[in-house]
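Visitor: I have a structure open and would like to go through it slowly. Could you help me read it?
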Amino acid sequence: MRVLVVEDDVLVRLAVAAYLRECGFDVVEVGSADEAIRVLEAGIPVDIVFSDVNMPGSLDGFGLAQWLRRERPGLKIILTSGAARKAKAAGDLCEHGPILAKPYDHVELERQIRTLLAR
């Protein structure tokens, strides 16, 4: 199973990607929603997207979730945010997946990914 990790904070991205690889996932890492869209449009197969909400670029995590809903409706997404209000909005937006509040527990992230992929 391949996870696309979308996180602009390099240290956070490296840590979560390393953990997910240890769990047996194939991981593609990008630093923005724009990069994530380029990966998907290039035809790289992805089973689930894990994205931060607050990112630089033309789209944030909400914009990426909306793009996925429109362009890749079957692709599941989990959003994460450090802001409680944004976490609530992300939860409302992501019918395909949950929202994780930062700081999130890596074990909980793995559990949510496996739960979504089993659906």
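Guide: What follows is a conversation about the chain as a whole and then about some of its helices and residues.

Visitor: Before we start, what kind of model is this, and how are the residues numbered?
Guide: This is a predicted model, in which local features need pLDDT of at least 70 and side-chain atom pairs count only at pLDDT 80 or more, while totals for chains, interfaces and linings use all residues. Residues are numbered from 1 along each chain as its sequence is written, and side-chain values use heavy atoms, with hydrogens and water left out.

Visitor: How many helices and strands are there in the chain?
Guide: The chain has five helices and five strands, where helices (H or I, at least four residues) and strands (E, at least two) are DSSP runs numbered from the N terminus. Starting at the N terminus, the order of the elements is β-α-β-α-β-α-β-α-β-α.

Visitor: And what percentage of the residues count as buried?
Guide: Of the 119 residues in the chain, 47% count as buried; buried means under 20% relative accessible area, exposed means over 50%, and partly exposed is in between, with a 1.4 Å probe and protein chains only.

Visitor: What about contacts between residues at least 6 apart in sequence?
Guide: Among those contacts, 63% join residues at least 24 apart, and contact here means heavy atoms within 4.5 Å.

Visitor: Let's look at strand 1. Is it mostly covered or uncovered?
Guide: Strand 1 is mostly covered, with four of its five residues buried. Strand 1 and strand 2 run parallel and are joined by five bridges, and one of the pairs to look for is Val3 with its bridge partner Val27 in strand 2. Two strands are said to pair if DSSP finds at least two bridges between them.

Visitor: Now helix 1. What should its span be, and what is it in the model?
Guide: Helix 1 covers residues 10-22, and at 1.5 Å a residue its 13 residues should span 18 Å, which agrees with the 18 Å between its end C-alpha atoms. The expected span is 1.5 Å times one less than the number of residues in the helix.

Visitor: Which residues of helix 1 are buried?
Guide: They are Arg13, Val16, Ala17, Tyr19 and Leu20. Seen down the axis of helix 1, these buried residues fall within an arc of 160°, so they line one face of the helix; the arc is that of the directions from the helix axis to the C-beta atoms. On the other side of helix 1, Leu11 and Glu22 are exposed.

Visitor: What covers the buried residues?
Guide: The cover includes strand 1 (2-6), strand 2 (26-30), strand 3 (48-52) and helix 5 (106-118).

Visitor: Which residue does the side chain of Tyr19 make a polar contact with?
Guide: The side chain of Tyr19 makes a polar contact with the side chain of Glu110, at 3.1 Å. A polar contact is a pair of N or O atoms within 3.5 Å; within protein, one must be able to donate a hydrogen and the other to accept it, and residues adjacent in sequence count only if both atoms are side-chain atoms. Glu110 lies in helix 5 and counts as buried at 17% relative accessibility.

Visitor: Changing topic, which residues are buried in helix 2?
Guide: In helix 2 (residues 33-41), the buried residues are Ala33, Ala36, Ile37, Val39 and Leu40. They cover an arc of only 160° around the axis, which puts them on the same side of helix 2. The face turned away from that buried side carries the exposed residues Arg38 and Glu41.

Visitor: Last one: what comes just after helix 2?
Guide: Just after helix 2 you will find Gly43, which takes a positive phi of about 90°.
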